[in-house]
Amino acid sequence: MASQDVAGRADSSLASYFNDPKIRGIVYQVLLFVALVFFIYWVVGNTVENLRRSNISSGFAFLNGRSGFDISQSLISFSSDSRYSRALVVGLLNTLLVAGVGIVTASIIGFIVGIGRLSRNWLIRKLCMVYVEVFRNIPPLLVIFFWYFGVISVLPAPRDSIALGIPLGFETSYGFYGLDYFLSFGSYLNNRGFFLPKTMWGEGAWLIAAAIVVAIAMVWFVARKARQRQEATGQQFPVFWTSVALIIGLPLLAFALAGFPLTLEFPTASTFNLVGGFQVKPEFLALYLALSFYTAAFIAEIVRAGILGVNKGQTEASYALGLRSGQALRLVIIPQAMRIIIPPLTSQYLNLTKNSSLAIAIGYPDLVAIGGTILNQTGQSIEIVAIWMVVYLGLSLATSAFMNWFNAKMALVER
Amino acid sequence: MAIRPSKWSFSVENFQTPADSVIPLDLTKIIAFDAVREREHGSSAACEATFRKWAGTALLLSHEKNRDLIPNNRKGLVGMKHTVKVILGAAALGMAASAASAATLDDVKAKGFVQCGVNTALAGFSAPNDKGEWTGFDVDLCRAVAAAIFGDPTKVKFTPTNAKERFTALQSGEIDLLSRNTTWTLSRDTSLGFNFAGVNYYDGQGFMINAKKLPGVNSALQLSGASICVQTGTTTELNLADYFKANNLEYNPVVFEKLEEVNAAYDSGRCDAYTTDQSGLYSIRLTLAAPDDHVVLPEIISKEPLGPAVRQGDDQWMDIVKWTLYAMVLAEEAGITQANVEEMKNSPNPDIKRILGQEADSKLGTDLGLSNDWVVNIIKGVGNYGESFERNIGQGSPLKIARGLNALWTKGGLQYAMPIR
């Protein structure tokens, strides 16, 4: 009988393993994982086999091939002799460029408009509201078309460029009044873009760069000292104006000491376009403005929600402490609002980066546009699509990681 | 080799027309829409049809036979992005159990129609008419293949494709045949896994400028420093880079994906010049705000042989498409037309009898996997090469393209078919 008992106990212990939800859960997860791995293995194997059978070349070796096409805007040197891989890097840098400057501009416009929506001034409040409602409710592609075909395309041709400057007089049909002089900035606007004078630094220019570094270090030091003094004695120090003076004054001083080592190269007219100087292409300009203005509308709403999310009692308490409204906003409201603002702001930054792929519609050579060209020239669709996905995933994860870090830093630190 | 007297040839080495050369076929008079061949119409109907099919292919892990099950619905899904299609196509390529089935003919016979990839909307070459039927020079080739197989030129379904989708569609088995003004190049022939079944239209790339804004410019060599509008992903884009590099000229490419955008940018003055196939420039010129202000420069910088493509690895299918094209050209040579094909069957001429499969115990058609009266069916269905040309893009059409390079070899052109015997 004893042996039967033992056997029965062994049975029930085996059954109890199956009935144990913890063990069962692990078994199911292992099964799912194996199935997933097998599925991926099957898809990859199938793809490779299909490509081989169809005599379609596969793999990433094509990236070393000569591109054969030119790219209108590139941050690094590129010619038709460069490789496909370099073309992709050019595209990635162009994406990063437009996303980077777009994020900065959208944040600035967004914060201004968001605060403007809460203004006590009726006109400012309504103007900001109209801006937000207009841009938030139009698809971003149309905003891009608006800037490209609606604004920049209708600018005059290069030979009739709009010269930017201040006329020190005005002409009427009766004659000329004032000084017959046009204070030109050497900048021109036409349907080929925005042309600015290019700064050409001469010898001794390093002194200016060094001065800027020194100025920043001094500002940091002054700010720290001022804070310590305020905490110790309650006396304030005009940190802001000191900083401005340092950051502008020191480089200017260095500039003078080095003997003004700066020349400007002005854009000049040639047969077809303006040449020389610094050129901002209309495609970049349109995409940059569109993404900035579009995303700013969303950021404005996030900022408004963040500020309204701070308890009214906080404002009243700051006034009770004798803070002026600007100080209350800067020292009490905004720091608290930031905790509400940052998480949704992150997703707006991600949206802006991803929306930059709409560049293809107006011919701005971003990663998707250049990848598409390569895809079409080489026919390696699977590889190019994989590269696109990996790069955008990487960009988004990097942005998220940075914003999460920033959020953690801004989060309420309980003492 | 010497099909054409040498005085007609333009020097390919330096990509220019020698000043003293006489081009009797005056390419500048050709009006065609080849450039528009790269057109991405953005047609939502086309978009949806392809989307559904590719999605279907991916979802069903489609075997070739399953493709019949996928609805060929052409309802619109507005504003879908083309990238989606490319991604789905890539997915289909991975998932389809048999992307390149060896026996395309068997599949085509089993499903009862030829699935043909054409341009989205390219007047003269492939565009739906007011009744919604696809018509055009490239469409006729699809119909001819259907007629050769089924004896019925209507047993064909069309998949409108843009420049970017066309290759993936063919690679993934979505279409059986690509007849979409596609330039025959080595890399497309090899690394893309295609075979070109011949050339149904010979073209070359040129430049167009606004003569009113740029008086004094009468050669492409004067375009140094110009901004040039071009469509992306085309051979045109590559030829442009090569030409300016070879001539040590600077230029600024302004590239767009869709043809409408290139046209709009050029018309608004974003570019100084527009480049694409020369015949296409003339057709695009007609769509500009002030056509008379624009001139096409004389240089032809490339060869653009346009022809139908099939997948590699199916020689029988390749033969059918190739010989369908040859049969149309041969029929024109032999004077066989849509109108007289029935009476020609009784012709005593042994050549004509052989072409039309009227020889006793002829095996020519059956060896190809078709019936012996396959040529009769083709000519009854769409007419010979010349008839198709004149009806769609030649004198019988609004385009009025001269035959030029596309005349028969006996009339000073390049169209030369191998003999059916």
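Reader: Which residue in β4(B) is the bridge partner of B:Val118?

Author: The partner of B:Val118 in β4(B) is B:Pro160. The model is predicted: local features need pLDDT of at least 70, side-chain atom pairs count only at pLDDT 80 or more, and totals for chains, interfaces and linings use all residues. Residues are numbered from 1 along each chain as its sequence is written, while chains are lettered from A and ligands numbered from 1 in the order in which they are written.

Reader: What makes β1(B) and β4(B) a pair?

Author: Two strands pair if DSSP finds at least two bridges between them. A strand is a DSSP run of E with at least two residues, a helix is a run of H or I with at least four, and both are numbered from the N terminus. Strand β1 (residues 114-119) and strand β4 (residues 156-161) of chain B share six bridges, in the parallel sense, so they meet the definition.

Reader: How many bridges join β1(B) to β5(B)?

Author: Two bridges join them, and the strands run parallel. The partner of B:Gly117 in β5(B) is B:Leu178.

Reader: Why is β1(B) called mostly covered?

Author: A residue is buried if 20 or more other C-beta atoms, placed from the backbone, lie within 10 Å of its own, exposed if 12 or fewer do, and partly exposed in between. In β1(B), six of its six residues are buried.

Reader: Is A:Ala157 buried, partly exposed or exposed?

Author: A:Ala157 has 17 C-beta neighbours inside 10 Å and therefore counts as partly exposed. A:Ala157 is in the loop between α5 (140-152) and β1 (162-172) of chain A.

Reader: Which residues does A:Ala157 touch, not counting residues up to four places away in sequence?

Author: Contact requires C-beta atoms, placed from the backbone, within 7 Å of each other. A:Ala157 touches A:Asn190, A:Asn191, B:Lys213 and B:Gly269. A:Asn190 is 33 residues away along the chain, yet the two C-alpha atoms are separated by 5.7 Å.

Reader: How many residues of chain B are in contact with chain A?

Author: 43 residues of chain B are in contact with 38 residues of chain A. On the chain B side, α2(B) gives the most, with eight residues.

Reader: Why are α10(A) and α12(A) called roughly antiparallel?

Author: Axes are lines fitted to C-alpha atoms, for helices over the stretch in contact, and angles between N-to-C directions run from 0 to 180 degrees. Under 35 degrees counts as roughly parallel, over 145 as roughly antiparallel, 65 to 115 as roughly perpendicular, and the rest as oblique. The axes of α10 (residues 325-355) and α12 (residues 381-410) of chain A come within 10 Å and cross at roughly 165°, so the two helices are roughly antiparallel.

Reader: What makes β10 and β12 of chain B stand at the edges of their sheet?

Author: The open sheet has five strands in the order β10-β9-β11-β8-β12 (chain B), with mixed pairing. β10 (251-256) and β12 (294-296) each have a single partner strand, so one side of each is left without a neighbour in the sheet. Strand β8 (residues 205-210) pairs with β12(B) in the antiparallel sense over three bridges. One of the bridged residue pairs is B:Met208 with B:Val296.

Reader: Which strands does helix α9 of chain B lie across?

Author: Helix α9 (residues 278-287) lies across β8, β11 and β12 of chain B, at about 125° to β11(B).

Conventions:
Contact = placed C-beta atoms within 7 Å.
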